[in-house]
Amino acid sequence: MLSRDRIIAESTDLFVRYGVKSVRMDDIASRLGVSKRTIYELFGDRESLIQTCVEHFYDRQERRYEARMASARNVIEEFMLLLEDWESSVTVNMNFMNDLERFYPEIYGRISSERHRQGAERLKQKLRQGVADGLFFPDINVEFSAAILIASVSTIFTSPSTYHSAEISMSEAFRYIMMCFFRGISTGKGLHVIDEIFGKHFPRESDAR
């Protein structure tokens, strides 16, 4: 019998690729070579399957991020590696989450709220680690600093006119926010790391031409 994990993984790929509204239970059953009854017996209904798949989507992202950041030498490089990974998947992720918010707002609200809380706590933990490592000023207000960064990044998604008017891409806007934020809270040691990492991971477009 087909495993539950396989059904979740395959269903998630279909939802991400084609959208939660477009993919029917018949499509999933056909892709997996099982009956719809089997899927319903395992998950109860379509909404339960979708919620499980969204959780799987986020868990898969978390595992990829953790593996990606394991090679980082410090918290600043962790953020830069995370940004690189974000840039490579932002379009797919945004389309998937926008589709979910539009057609299944309750699922979107429950899961995005919890993920936002977890992300904020992780960010504060990383900021404290940066302070302990001497990269960030010891007297920064961690709670407020985290709130500022989250609000700034959120603006990219909620008010795209803020970077369209400056004639830069979403990725460039994100880089500017990250660079300005971290330079503002960094010690001399931290600034040295930032200059090295930004030059290594994000060469200026004029340099790449």
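Let me begin with a term: a residue is called buried when its relative accessible area is under 20%, exposed when it is over 50%, and partly exposed in between, using a 1.4 Å probe and protein chains only. By that rule Cys180 is exposed, with a relative accessible area of 52%, whereas Cys53, at 1% relative accessibility, counts as buried. If a disulfide is a pair of cysteine sulfur atoms within 2.5 Å, then the count here comes to zero.

What you see above is a predicted model, in which local features need pLDDT of at least 70 and side-chain atom pairs count only at pLDDT 80 or more, while totals for chains, interfaces and linings use all residues. Residues are numbered from 1 along each chain as its sequence is written, and side-chain values use heavy atoms, with hydrogens and water left out.

Now to the overall picture. Helices (H or I, at least four residues) and strands (E, at least two) are DSSP runs numbered from the N terminus, and the chain has eleven helices and zero strands. Its C-alpha atoms fill a box of roughly 60 × 35 × 30 Å along the principal axes, and 43% of the 209 residues are buried.

Which residues of H7 are buried? They are Val142, Ser145, Ala146, Leu149, Val153 and Ile156. Seen down the axis of H7, these buried residues fall within an arc of 100° (taken from the directions from the helix axis to the C-beta atoms), so they line one face of the helix. On the other side of H7, Phe144 and Thr158 are exposed.

Finally, the largest pocket. A pocket is an open set of points on a 1 Å grid over the protein atoms alone, where a 1.4 Å probe fits, with protein on both sides within 12 Å along at least five of seven lines, and lining residues have an atom within 4 Å of a point. The largest pocket is lined by 36 residues, of which Trp86, Arg115, His116, Val153 and Phe157 lie nearest its centre. Helices H4, H5, H6, H7 and H9 each give two or more residues to this lining, and H5 gives the most, with eleven.
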